[in-house]
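Here is a briefing for a first look at this structure. Take the chains in turn, then see where they meet.

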Amino acid sequence: MRVSEKKTVIETKALTRIYSLGDSEVIGISSINLEIAARELVVLKGNSGSGKSTLLSLLSGLDRPTSGELKVAGHDLIKAPEEQLTRFRREVVGMVFQNFNLLPTLSVLENVCLPALLAGGWPEKIEPKAIDLLQWLGLGDRMAHQPAQLSGGEMQRTAIARALINDPAIILADEPTGNLDSRNGQLVIQLLAELHRTRERTVIIATHSNLADAFATMEICLKDGMITDTTCEV
Amino acid sequence: MRSLVFFLRLFSWFSLRHIGKHWFQAMLVLFGIALGAAVFTSVRLSVHASLRSFTSSMNHIAGRTEKVLARPGGFLPESLVSAIINHPSVRNASPMLSGYVQHFGADKEPFLLIGIDPILDRPFRSWQIAKGKPRKVGMWLDLLKEPYTLILGGALARQYGYAPGEKIKLEHSRQTVDFRIVGVLAPENLALAEGGRLALTDIATFQEFTGLYGKIDRIDLRLQPEQTAENFQNIVSTLPPGVIMSSPSERRESGQAMIRAYQLNLSILSFASLFVGMFLVYSLVALNAASRRHELAILRSTGASARLLFLIFLAQGTVFGLAGWLLAIPISSFLIKYLLHGVSQTISTLFVRVTVEQLSLNSWEIFLSFMVTIFISVLAAYLPAREAMQVSPKEALSIAEHSEQADKPTLRLAGLGIFFIVLVWPLSKLPGYAGVPLPGYIATLLLFTGFAMLSPWILEQLGKALAPKLRRLGGMPAYLAGRYIRGSGNRTAISVGALITAVALFVSLVIMIHSFRQTVQLWAYQTVSGDLFATTKMGEVNQFRYPLSPEVIRTLTTLDAPVDLVPNRRYFLNYGKFPYEFELLDVVTFLRYGSYVWLKGPSETAIHRLISGDGVIVSEVFSNRTGLTVGDLFRAQIETSLVELPILGVVRDYRTQGGVVFYAMPHFKRRFHDPKWGGVRFFLRNRNQNLDAAVVSLRREIIEKCGDQLGMISGKELRQSILKVFDETFAITTILLFIAFVIAALGITTTLAVLVLERTSQLNTLYAVGASFGQIRRMIFWESILMVIAGETAGFLCGLILSYLLVFVINRQSFGWTFLYGLDLKALVFSLPLIILTALMAALPAIRLVFRQPPAMLLRER
Amino acid sequence: MKAPFLQQKSHKRKTLIFGILLLSLGTVLQLFAADDSGYFSVTGPCNLEFPKDHGSHSGYRTEWWYYTGNVDSENGNRFGFQLTFFRSQLSPAGASRHWPKPASQWRTQHIYLAHAAISDLAGGRHLHAEESSRGALGLAGVALNETRITTVHLKNWYAKIGPENQHLKAATDRFAFDLELIPTKKPILHGEAGYSRKGRASESASCYYSFTRLKTRGSLTLNGKTFAVEGLSWMDHEFSTAPLEPGIVGWDWFSLILSDRTELMVYVLRQKDGTINPASSGTFVDPDGNSRHLTKEEFRVLVLDSWKSPNSEALYPVRWRLSVFPLSMELSIVSNLADQELQTTESTGVTYWEGSVSITGTANDHRIEGQGYVELTGYAKAFDAPM
């Protein structure tokens with residue numbers, strides 16, 4: 001594990017999340033200490049159930065930890081009230097999901113615009129930006145389509161555009177290639193890497209594939225909810 | 001502003017498009033809420049039209065009258081007019097006579113003939129003759145100048161096609177006479193009373209036509225401006241005995257109070273359909289909230305606040321309410337055509353005569369229906385909206401853990417439900433207020449709510465107890481259905497709650513109507529006994545104020561046919577504001593053939609004392625409304641006599657225009673004054689002959705000897721007509737019930753559709769692990785069977801309690817009567833399985849929904 | 001003559017009110033002209049006998065009892081008063097044969113109307129009221145009792161005509177009077193022994209007599225204040241069936257009580273073309289109660305001044321010069337109050353002017369003065385009384 005000299009955007013101390021399932025308890029992650037500097041491309045690795053998604057959901061403010069400390073881009077997510085968390089999700093992070101999570105009733109363009117509109121932006125300002133993004137992602141001719149009419153790769157690119165619409169400092173991707181064939185998977189990883197390189201974003205990709213290894217500036221391995229120092233065995 | 005625009009945009013993207021995709025369900029729900037709103041609106045508008053017509057009629061007839069002199073149940077001597085008119089406190093006085101007459105040979109629908117002195121009446125009522133061809137000044141003077149002339153109301157002139165100058169033949173109890181039509185009333189002021197079904201004539205003509213020489217109904221007064229209490233007392237003290245001064249608003253108010261109470265009762269009944277409609281909205285919005293849980297999570301993860309989601313779902317409810325209300329407009333305009341006539345007919349039969357010419361759109365009623373519909377829909381969306389608010393954004397990550405969707409404490413809810421149900425008991429003991437059974441209605445609401453809260457627990461227990469048995473009965477699908485129902489939580493319970501409501505309404509109304517009808521039938525056969533009833537023509541509509549002439553009485557008492565006569569006289573009076581009839585009859589002869597349906601004090605001594613004129617017996621309604629009961633003293637001014645008699649007993653009676661007090665006629669004549677015969681009923685002495693034929697020949701004999709002077713109806717026809725009125729009255733109730741049912745069936749369809757769609761992935765999994773389409777469909781079918789059975793059982797129980805409330809609390813509080821409780825087993829045994837069948841039919845569309853899309857498609861989407 | 005109801009040209013009237021009811025020689029009567037037959041008509045000697053002829057004359061279409069007078073209160077306030085009863089017959093006498101038998105007590109052929117007015121000359125106010133009723137059930141009627149007193153009444157207003165004195169009573173919510181009148185001369189029969197011509201045809205006439213000088217004493221109440229009053233009054237009683245002759249638009253009628261114990265009655269029938277109908281005439285009564293008939297040619301009336309009513313917009317004369325040539329009489333007559341107009345919306349529906357006047361002048365070179373009443377009809381347009 002390397003410690004960066006650059007500005008820290010993510011900092012966790014003894015971060016723990018435990019789920020209760022009926023009478024039993026399941027450990028999501030346990031005592032994670034982490035510091036991630038700005039403009040890193042982090043690959044988060046681990047098997048199914050290792051805690052990758054749990055960690056991402058905590059980092060993105062989708063979920064709250066059971067204990068520990070968590071600071072992302074200056075926001076203390078432990079203490080943040082619900083409204084601040086909502087604002088954080090809108091403005092600080094952009095999420096890309098394994099199953100794309102596009103809203104089926106909205107068109108591609110509308111899906112992309114949605115977070116900016118939720119953040120209270122002017123539609124006339126948002127739309128050109130969304131169109132730019134979509135064109136950059138090669139979806140210029142797909143903007144009026146419904147998600148159901150898209151291929152997997154197109155859906156994920158739409159999701160990436162949506163993640164970028166509010167200019168977030170951090171992009172969090174949860175198994176972004178999981179539902180894609182290898183060619184499209186490659187394409188998505190290249191896009192994320194390009195974001196990191198040319199647009200200077202912090203990108204965190206949780207995956208158990210090796211597609212992103214070549215672009216990583218940092219690699220974190222999870223096993224049974226804890227960071228392992230040994231090499232990642234996937 | 002921007003945020004509102006954005007909200008509407010998001011609402012349209014997220015909700016409207018979704019609704020558009022599932023338009024069929026949405027239409028069902030819309031139709032349901034629209035039906036509910038339409039029934040509610042049209043019922044209220046119809047009653048309102050009657051209320052308005054009644055009020056304006058009363059106001060137009062009262063005109064500028066300040067006080068009214070009348071003698072309860074009788075007439076005033078016309079000589080009183082000149083005495084009153086010269087009284088220093090009196091500014092103007094106008095004598096009036098009015099009665100219902102009919103156009104000879106026409107539709108026999110009676111209309112009001114008003115007899116006034118056009119000169120004395122001038123300060124009181126305004127009217128004009130409509131402009132016509134033979135136009136000359138002072139046409140109205142012909143009323144005074146020429147006997148048998150009248151001015152016809154506009155509606156009558158149109159209906160019968162008469163023009164000024166023509167003759168119209170009018171029929172009254174005494175005679176049939178040709179009247180010359182002097183003119184037609186211009187449609188304003190007095191001419192608007194009774195919906196224009198009236199005619200004006202001179203008071204002299206009225207007396208000569210009806211034979212009421214020397215008599216007037218009432219004197220309307222306008223007092224000198226500076227009227228002191230002393231002067232007022234002064235007038236009252238100069239009045240002959242039995243003459244009472246009242247204010248014209250009193251009769252109007254008592255009539256209005258009756259119609260308003262009826263409006264509330266019908267509103268509440270019609271509200272039931274809106275209530276069921278609410279369940280529908282609930283189930284669809286809940287379906288949206290549940291089946292789109294993942295989408296909600298995505299929205300949340302992209303930055304939507306929980307409040308935004310809450311508002312979106314609340315907006316869904318609002319949109320359903322709004323669209324439902326709009327859709328209700330055409331439905332209402334269709335419904336109202338039926339209801340307007342039916343309701344005014346019912347009010348005329350039950351309470352006071354109203355003539356509704358047309359619907360009056362009342363902005364308050366429209367606003368009310370709008371608000372109620374919107375409120376109900378928003379309320380229905382509230383719970384699902386709350387649930388949508390709870391969706392955690394991390395569910396977007398598809399971490400398959402729904403652990404936080406903890407099971408609701410069904411037992412605690414059930415406890416609360418039972419508490420509500422128990423509350424019904426003390427509530428049912430509270431008195432109603434002014435004919436409005438408010439405690440009864442609150443009890444009903446608590447009952448429904450209580451049972452709805454109980455239903456999750458019932459379902460849980462049902463699932464637990466039945467699952468193993470179901471496996472034997474219906475195999476694996478039945479078993480799975482049982483397991484699902486057991487754990488399905490509140491959502492299923494709400495739909496079951498809707499079913500409970502509908503079934504309970506059905507059961508209780510069936511029981512109530514049955515009990516009511518049975519009791520009315522018993523009453524009709526015992527108390528309205530008699531083989532032939534005779535009164536003066538149009539006696540009933542004129543409140544029997546025209547007694548039989550001595551010649552007629554002589555003829556009737558010397559008939560050849562072997563009959564016993566029970567003469568009677570009915571006075572229509574008021575006890576405070578409460579209207580009742582004081583009925584005198586020959587009790588001895590009556591009791592030989594008929595009897596009373598006793599409620600209190602049916603002892604030998606009571607009957608003996610009644611026969612010997614020691615006291616009166618009163619109807620249950622009279623007793624409940626006035627608070628007087630056995631042992632109390634009944635006091636009333638009847639014509640010239642002040643009657644004071646103890647109450648000996650309380651009997652059931654189902655006359656609709658208030659209560660009844662019975663007293664022995666011979667004793668009244670001896671102790672007070674000669675009441676004259678208002679009518680007679682005949683009992684055939686020989687009960688072993690062909691009674692119908694004997695009545696026909698009796699009737700023939702009377703017509704031969706008395707001519708066409710009497711109104712006659714055979715006892716059989718009379719009793720049939722009583723029951724017919726009864727059935728017609730309940731026709732409206734039945735329609736409302738039917739509509740509530742349609743809505744409940746729609747509810748079952750949506751609920752099951754919800755259950756199917758919500759579990760698409762579960763069902764796919766089942767399919768994946770090897771269940772066949774058939775098995776899965778059977779499973780759904782079993783689920784619906786379980787739900788329907790649970791709903792129906794609980795609904796039946798709830799209905800039994802509700803029927804008790806209806807019979808002994810709500811009816812007592814709103815009409816003052818109760819009935820002999822009777823379970824209509826036959827109707828229930830037939831109808832309950834029919835309801836199950838209907839409910840299961842309603843389940844079919846939902847079952848067909850299963851795998852309407854191929855499973856693979858569904859997998860791809862998620 | 002005295003029935004102000006000429007000329008209510010009613011063809012424009014929208015409402016059929018009551019208003020129109022009737023009376024008299026006016027157009028209103030023409031309403032009933034269709035069945036003129038059956039009524040008695042005045043065509044010759046009236047053969048008046050008293051007290052019988054103080055009573056009503058059923059069978060004639062119209063009849064009135066007309067009292068006017070000027071009285072002073074103790075404190076010197078001067079008042080004019082008017083009390084009039086009209087009887088109008090709806091159908092000829094024989095019509096009652098076709099009535100239902102038995103007939104209702106309300107059935108009658110007679111309608112009674114009454115007007116009462118007070119001119120408060122000091123206060124400059126004119127108040128009037130009206131009543132109407134059918135002549136049935138003791139509401140209104142005329143009766144002669146065993147003490148030879150004739151009572152004409154409508155509700156609680158009445159005039160009692162006895163052999164020695166007469167009694168008037170009327171009460172409204174704004175004014176009331178209760179007066180005893182003592183005749184100082186026997187009844188004066190106008191025209192030819194009471195047969196008074198109102199046109200060229202012999203049936204254009206009425207039976208007409210007057211008490212021309214009645215000593216008056218009693219009480220008068222105005223807005224709650226009661227005054228003891230004294231003065232002189234005039235009484236007219238007239239009945240007829242005939243409508244006015246065509247072309248007559250109204251009349252000016254004068255009843256003047258003069259200081260030399262004489263009285264003068266004059267009526268001028270005005271025609272449409274501005275001329276005077278030849279039937280216009282008068283009666284002069286000398287101090288002993290002897291009367292002299294005055295023909296149209298024997299007197300002249302000049303109008304000196306007029307007043308426009310703000311209510312009806314009618315232009316009424318209010319100052320006159322009356323010359324009676326055979327008597328060398330030269331009188332200046334002036335109204336004591338300009339506005340003495342009556343708009344009788346509730347009863348006759350007719351607008352007319354009936355008012356107290358003062359007289360100065362000479363007779364045979366003697367200065368005389370006097371007080372009287374003038375009636376002016378046919379000046380106001382027919383108006384639409386609201387129903």
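The secondary structure of chain B comes to 25 helices and 21 strands. Here helices (H or I, at least four residues) and strands (E, at least two) are DSSP runs, numbered from the N terminus. This is a predicted model, in which local features need pLDDT of at least 70, side-chain atom pairs count only at pLDDT 80 or more, and totals for chains, interfaces and linings use all residues. Residues are numbered from 1 along each chain as its sequence is written, while chains are lettered from A and ligands numbered from 1 in the order in which they are written.

- Chain B has 862 residues, and 50% of them are buried. A residue is buried if 20 or more other C-beta atoms lie within 10 Å of its own, exposed if 12 or fewer, and partly exposed in between, with C-beta atoms placed from the backbone.
- Take the contacts in chain B between residues at least 6 apart in sequence: 85% of them join residues at least 24 apart. Two residues are in contact if their C-beta atoms, placed from the backbone, lie within 7 Å.

**A hairpin in chain B**

- Strands β17 (residues 633-638) and β18 (residues 641-652) of chain B pair in the antiparallel sense over 6 bridges. Two strands pair if DSSP finds at least two bridges between them.
- B:I638 stands opposite B:S641 of β18(B).
- The hairpin of β17(B) and β18(B) has 2 residues between the strands. There, B:E639 takes a positive phi near 45 degrees.

**Where chain B touches chain C**

- The contact joins 30 residues of chain B and 29 residues of chain C.
- On the side of chain B, α3 (80-85), α4 (141-145) and α6 (203-210) are the elements that give two or more residues.
- The largest share, 4 residues, comes from α6(B).
- By class, this side of chain B has 15 nonpolar, 9 polar and 6 charged residues. Ala, Val, Leu, Ile, Met, Phe, Trp, Tyr, Cys and Pro count as nonpolar, Asp, Glu, Lys and Arg as charged, and the others, Gly among them, as polar.

**Where chain B touches chain A**

- Here 24 residues of chain B meet 28 residues of chain A.
- The elements of chain B that give two or more residues are α1 (2-21) and α9 (293-301).
- α1(B) provides the largest share of this side, 7 residues.
- The side of chain B that touches chain A divides into 11 nonpolar, 8 polar and 5 charged residues.

**A strand pair in chain A**

- Strand β6 (residues 93-96) of chain A runs parallel to strand β7 (residues 170-174) of chain A, and 4 bridges join them.
- A:G94 has A:I171 of β7(A) as its bridge partner.
- A:V93 and A:M95 point one way from β6(A), A:G94 and A:V96 point the other way, and all are buried.
- In a regular strand the side chains alternate between the two faces of the sheet.

**Chain C and one of its residues**

- Chain C has 0 helices and 23 strands.
- Of the 387 residues in chain C, 53% are buried.
- Among contacts in chain C with a separation of 6 or more, 60% come from residues 24 or more positions apart.
- C:L264 lies in strand β15 (residues 263-271) of chain C.
- C:L264 counts as buried because 26 other C-beta atoms lie within 10 Å.
- Not counting residues up to four places away in sequence, C:L264 touches C:L256, C:L258, C:G282, C:F284 and C:V324.
- C:R292 is 28 residues from C:L264 in sequence and 9.6 Å away in space, C-alpha to C-alpha.
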